[in-house]
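Subject: Structure handover

Hello,

Here is the structure I promised to pass on. Please open it alongside this note. My findings follow below.

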Amino acid sequence: MTEQMNIKGIEPVEIDPDGHLNPPDWNVFREQMHDFLDRCVDRMCAAESHPWQVPPDDLSETYAIGQGGDLVARLTEQVMPYHSGNTHPQFWGWVQGSGLPSDLMAGLAGAVMNSNVGGRHHGANAMEWAVIDWARRKMGMGPEASGVLVTGTSQATVLSLQAAKVRAIPNLRAEGSQAKLTVYAGNGVHNATRKAVELLGLGHDALRLVRTDHGKMDVLALSQQIAQDRADGFLPLAIVGTAGSVDVGSFDDLNALADVAKAQDIWLHVDGAFGAWTRLADDPWRGLSDGIERADSIAMDFHKWMYVGYDCGLALIANEADHRAAFAVRPPYLEGFEAGLSGGDRWFCDYGIDLSRGNRALKVWCALEMFGEDAFAASITRNCAQAALLADLVQSQGMALVAPVVSNICVFTANPDLSLQEQSTLNSQIAIKLQLDQRAVFSTTHVNGMICLRAAFTNHRTRERHIHAAVQDVKALAEKGAL
Ligand SMILES: Cc1ncc(COP(=O)(O)O)c(C=O)c1O
């Protein structure tokens with residue numbers, strides 16, 4: 001670094017009046033970036049001091065375009081404080097990952113490279129294939145599998161079911177189809193599947209919600225429904241197994257579903273948004289996702305239980321030929337050549353609907369290279385143990401579980417002695433109060449006709465003391481009658 005490049009104390013200069021979209025003085029920019037990086041690292045390592053807070057009412061005015069000013073100060077004071085809370089160790093709402101320090105490095109490298117990962121011959125493609133290959137091996141799929149990084153499980157579900165549709169109806173891309181297709185899932189399936197079914201033009205009545213027994217799809221009921229539908233002239237398209245249900249964290253018996261899918265020649269898709277990552281956990285949690293390797297496709301997220309920053313999901317397809325058959329098409333303006341930038345053999349535009357794509361793989365690669373796979377396995381296992389700890393504490397405090405804790409989700413009610421209506425009111429008030437008081441973030445869901453408190457542990461910052469403290473808070477509010 002030259003002396004000139006390291007000048008301290010330079011005053012910020014005016015924006016270049018010629019408007020060249022470059023800093024008028026790169027040395028000043030370098031100073032600003034060093035300052036900003038310090039602030040970012042400070043903030044990230046002090047995540048515990050930064051819970052969610054209510055955004056001020058005038059935030060839209062604060063953000064109104066055209067105010068200029070000191071961007072480092074504005075980002076620090078006006079932007080970063082109003083995050084969505086999931087970086088805090090006591091955030092257990094919905095299913096949200098906590099973000100990693102490696103994201104900072106990936107973000108910087110990604111911004112400098114600004115790679116478009118739709119295709120062509122450059123490093124980001126190779127990195128994405130390396131990340132997909134790693135995930136494929138963890139899921140136990142063979143080398144003939146392929147995949148594509150996407151926004152999240154919702155998009156991965158659409159791509160997977162489209163691949164299923166093309167395999168079932170080979171002329172689909174040319175001719176469309178009037179076939180009456182049906183899809184089967186347990187009645188706790190995430191609505192990403194319903195939306196995918198709607199988007200693919202099936203209409204959500206085509207999604208058959210099969211009875212579940214102890215959180216698992218009833219395989220007999222599934223087979224009967226398939227037989228009935230065939231008799232009625234429907235074409236069964238796919239079974240959607242759930243590895244980690246959003247409400248209570250239950251798992252279908254994926255081996256049993258794979259047996260049905262094979263016998264019936266139906267595509268097996270697994271919604272493994274978070275639960276697929278139990279493949280990295282210790283027993284007994286690892287066994288929950290046994291059979292996932294037999295799926296035709298898996299939708300899963302790095303941004304949930306691999307803690308990687310938003311967004312990063314993955315559609316894994318067991319057979320690359322099925323995957324390409326659904327999406328590959330190269331008009332002349334996307335022609336590949338044997339050499340040059342238009343070289344490279346597998347372009348991601350042939351594996352999904354996006355042509356222009358960001359470099360999501362970089363976040364995953366940095367995370368795995370910085371911390372190593374074992375650290376993720378340990379954190380996932382710990383999150384499962386934390387859900388079990390919460391369950392124990394809840395019960396020891398006279399509160400009650402509303403579903404068994406099988407993985408990383410604990411759903412409970414704060415005062416089981418009240419009526420269902422009163423419990424619903426109390427539980428939702430407790431959730432709101434703890435959020436507003438910046439004590440903890442639980443979300444809520446409905447189980448057995450009642451609003452319940454729900455904690456999903458996909459947070460690498462949570463320590464056991466956080467759970468003890470939150471249970472005390474819930475208990476105190478329950479005794480007080482909440483608000
Ligand atoms: C089981 C399950 N499936 C699908 C989704 C949707 O995933 P995404 O938000 O990444 O699109 C979620 C989100 O929480 C989920 O928990």
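**Ligand surroundings**

Sorted by class, the shell around the ligand holds six nonpolar, six polar and two charged residues. It is made of 14 residues, of which Gly152, Thr153, Ser154, His190 and Ala273 come nearest. Keep in mind that this is a predicted model.

**Seven-stranded sheet**

Seven strands form an open sheet with mixed pairing. Their order is β1-β9-β8-β7-β6-β2-β3. Which strands stand at the edges? They are β1 (146–150) and β3 (207–210). Each has a single partner strand, so one side of each is left without a neighbour in the sheet. From one strand to the next, the twist averages 20 degrees.

Strand β2 covers residues 181–186 and runs parallel to β3. Four bridges join the two. In this pairing, Gly186 of β2 stands opposite Val210 in β3.

Helix α10 (residues 254–264) lies across β6 (235–242) and β7 (267–271). It runs at about 170 degrees to β6.

Helix α10 also packs with helix α9 (residues 219–231). The angle is about 20 degrees, and the axes are 10 Å apart. Angles under 35 degrees count as roughly parallel, and α9 and α10 are therefore roughly parallel to each other. The crossing of α9 past α10 is right-handed.

Which residues make the contact? From α9 come Val219, Leu222, Ser223 and Ile226. From α10 come Ala256, Val260 and Gln264. By class, that gives five nonpolar, two polar and no charged residues.

**Four-stranded sheet**

There is also an open sheet of four strands, with antiparallel pairing. The order here is β10-β11-β13-β12. At its edges are β10 (400–401) and β12 (443–447), each pairing on one side only.

Strand β11 (residues 409–413) runs antiparallel to β10, and two bridges join them. Ala400 stands opposite Thr413 in β11.

Two helices go with this sheet. Helix α14 (residues 373–396) packs on it and touches β10, β11 and β13 (450–456). The direction of α14 makes about 15 degrees with that of β11. Helix α15 (residues 420–436) lies across β11, β12 and β13. How does α15 run relative to β13, in degrees? The angle is about 35 degrees.

Best regards

Notes
Residues numbered from 1 in each chain as written. Predicted model: local features only at pLDDT ≥ 70, side-chain atom pairs only at ≥ 80, totals over all residues. Pairing = 2+ DSSP bridges. Axes fitted to C-alpha atoms, helices over the stretch in contact; angles between N-to-C directions. Contact = placed C-beta atoms within 7 Å. Near = placed C-beta within 6 Å. Nonpolar A, V, L, I, M, F, W, Y, C, P; charged D, E, K, R; others polar. Parallel < 35°, antiparallel > 145°, perpendicular 65-115°, else oblique. Left-handed = near helix turned anticlockwise from the far one by under 90°.
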